[in-house]
Amino acid sequence: MDSSGAPADRAFAHQLMETLAIPIFVLDTTSRVILWNRACERLTGVPARDIIGTREHWRSFFEERRPTLADLLLEERAGDAQHPRIGLPDDPHLSAESWCDMPRMGRRRYLATDASPIYDERGRLAAVVETLRDMTDEKLAQIALEQLATRDGLTGLANRRCFDETLHAEWARALRQRQPLSLLMVDVDNFKAYNDANGHLGGDECLKRIATAVASEMRANDLVARYGGEEFAVILPNQSLKGAASVAERIRTRVEQLQVPNRLAPAQHVTVSIGAATAIASPDNGASELVAIADAALYRAKHMGRNRISLPLSELA
Ligand SMILES: Nc1nc2c(ncn2[C@@H]2O[C@H](COP(=O)(O)OP(=O)(O)OP(=O)(O)O)[C@@H](O)[C@H]2O)c(=O)[nH]1
């Protein structure tokens, strides 16, 4: 170490950052890369020799030009490079999490990043250091858990819990916006007979095909869920009874057109019965009444001979 100690200290700090297990890169105040450690090389697949001295660090993370967090911090702190910073009243640190393309590695990674300024002894901005953490496994586990919580395992449709939550949220929205909300209850006809003839696994395959057929008739804001067993429910926001009836008829026809044989059923192939309900939401009625009305309509459709849709006499108001 020399008498001031500074150059040796700096060399030591540099070497420390180089060998740190955490991926790090450092930009000078003109956005030029001055350090790209080995862990950063491993994460990005980009060797330090290709990137040091350039302003091309964004290419290691994104397909298209985008500022990294370090660039955003440099932009935000641009004034500090000329004017010494007096004290540190606010926290100049930035944090973010996002999916990155990682073009050199050829697979997307979910990175948690932190950017912090480095000030020289006179309080002027000297550089910005960005540290990166690969959180891909944690993010994928979180997505899988969310899927488990809201999706039906057999059909991939929304599950009953997701249906209940969505119905209440849509009801509240319909109330606020004074718009109609429609609901369809879709039940497979003579499904016990189908199971008896094809076994439970055959029944499962049939439910998957029906789920796909029902989902194919939905618009972006509609929700189709597996309500239970061989019953599906469809939420149609901002849809009148007439509109709901036409969606119901499309679903019925679509399933009929699948022509899945059910030789023990009177129709000889798989069909569905559908009950519809529509409400103009008001503080005097609730989402559960909408379900009860659609259920009653479904019951009527079954009793009138199945493979049909049934509507209530009027909208619930
Ligand atoms: N394969 C399979 N079958 C199921 C599943 N959930 C419910 N079921 C079966 O669906 C059948 C429903 O039978 P029922 O309630 O008697 O109704 P249905 O035979 O369809 O007669 P209707 O509804 O009156 O037309 C039962 O045999 C259940 O075991 C499932 O996840 N997979």
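Here is a chat about the predicted model shown above.

User: Hi! What kind of model is this?
Analyst: Hello! This one is a predicted model.

User: Okay, how many helices and strands does the chain have?
Analyst: The chain has nine helices and ten strands.

User: And what percentage of the residues count as buried?
Analyst: Of the 317 residues in the chain, 33% count as buried.

User: What about contacts between residues that sit apart in sequence?
Analyst: Take the contacts between residues at least 6 apart in sequence: 60% of them join residues at least 24 apart.

User: Let's do sheets. What is the strand order in the antiparallel one?
Analyst: That open sheet has five strands in the order E2-E1-E5-E4-E3.

User: Which strands are at its edges, and why do they count as edges?
Analyst: They are E2 (33–36) and E3 (94–100). Each has a single partner strand, so one side of each has no neighbour in the sheet. On average, neighbouring strands here are turned by 20° against each other, direction ignored.

User: How many bridges join E4 to E5?
Analyst: Nine bridges join E4 (residues 109–119) to E5 (residues 125–134), and the two strands run antiparallel. As an example to find on screen, Ile 118 has Ala 127 in E5 as its bridge partner.

User: What about the sheet with mixed pairing, which strands form it?
Analyst: It is an open sheet of five strands, in the order E7-E8-E6-E9-E10. E7 and E10 (309–310) stand at the edges, because each has a single partner strand.

User: How do E7 and E8 run, parallel or antiparallel?
Analyst: They run antiparallel, joined by five bridges. Within that pairing, Arg 226 stands opposite Phe 232 in E8.

User: Which strands does H6 touch when it packs on that sheet?
Analyst: H6 touches E6, E7 and E8, and its direction makes about 130° with that of E7. H8 packs on the sheet as well, touching E6, E8, E9 and E10. The direction of H8 makes about 165° with that of E9.

User: New topic: how many residues are in the largest nonpolar core?
Analyst: It has 50 residues. Those with the most contacts inside it are Leu 184, Val 234, Ile 274, Ala 276 and Ala 294. Helix H7 provides the largest share of this core, eight residues.

User: What does Ala 276 touch?
Analyst: Leaving out residues up to four places away in sequence, its contacts include Ser 182, Leu 184, Leu 241, Ala 294 and Ile 309. There is also a second, separate core of 21 residues, with Val 26, Leu 27, Leu 43 and Leu 69 among them.

User: Now the ligand. Which residues come nearest to it?
Analyst: Of the 17 residues around the ligand, the nearest are Asp 189, Phe 191, Lys 192, Gly 203 and Gly 229.

User: Which element gives the most to that shell?
Analyst: H7 does, with eight residues. Strand E6 (180–188) and helix H7 (191–215) each supply at least two residues of the shell.

User: How do the shell residues divide into nonpolar, polar and charged?
Analyst: Five are nonpolar, five are polar and seven are charged.

User: Last one: where is Lys 139?
Analyst: Lys 139 is in helix H5 (residues 136–150). The C-alpha atoms of Lys 139 and Ser 98 are separated by 9.9 Å, although these residues are 41 apart along the chain.

User: Why does Lys 139 count as partly exposed?
Analyst: Because Lys 139 has 16 C-beta neighbours inside 10 Å. Buried would need 20 or more, and exposed would need 12 or fewer.

Conventions: Residues numbered from 1 in each chain as written. Predicted model: local features only at pLDDT ≥ 70, side-chain atom pairs only at ≥ 80, totals over all residues. Near = placed C-beta within 6 Å. Helix = DSSP H or I, 4+ residues; strand = E, 2+ residues; numbered from the N terminus. Nonpolar A, V, L, I, M, F, W, Y, C, P; charged D, E, K, R; others polar. Core = buried A, V, L, I, M, F, W, Y, C linked by C-beta atoms within 7 Å. Contact = placed C-beta atoms within 7 Å. Pairing = 2+ DSSP bridges. Axes fitted to C-alpha atoms, helices over the stretch in contact; angles between N-to-C directions.
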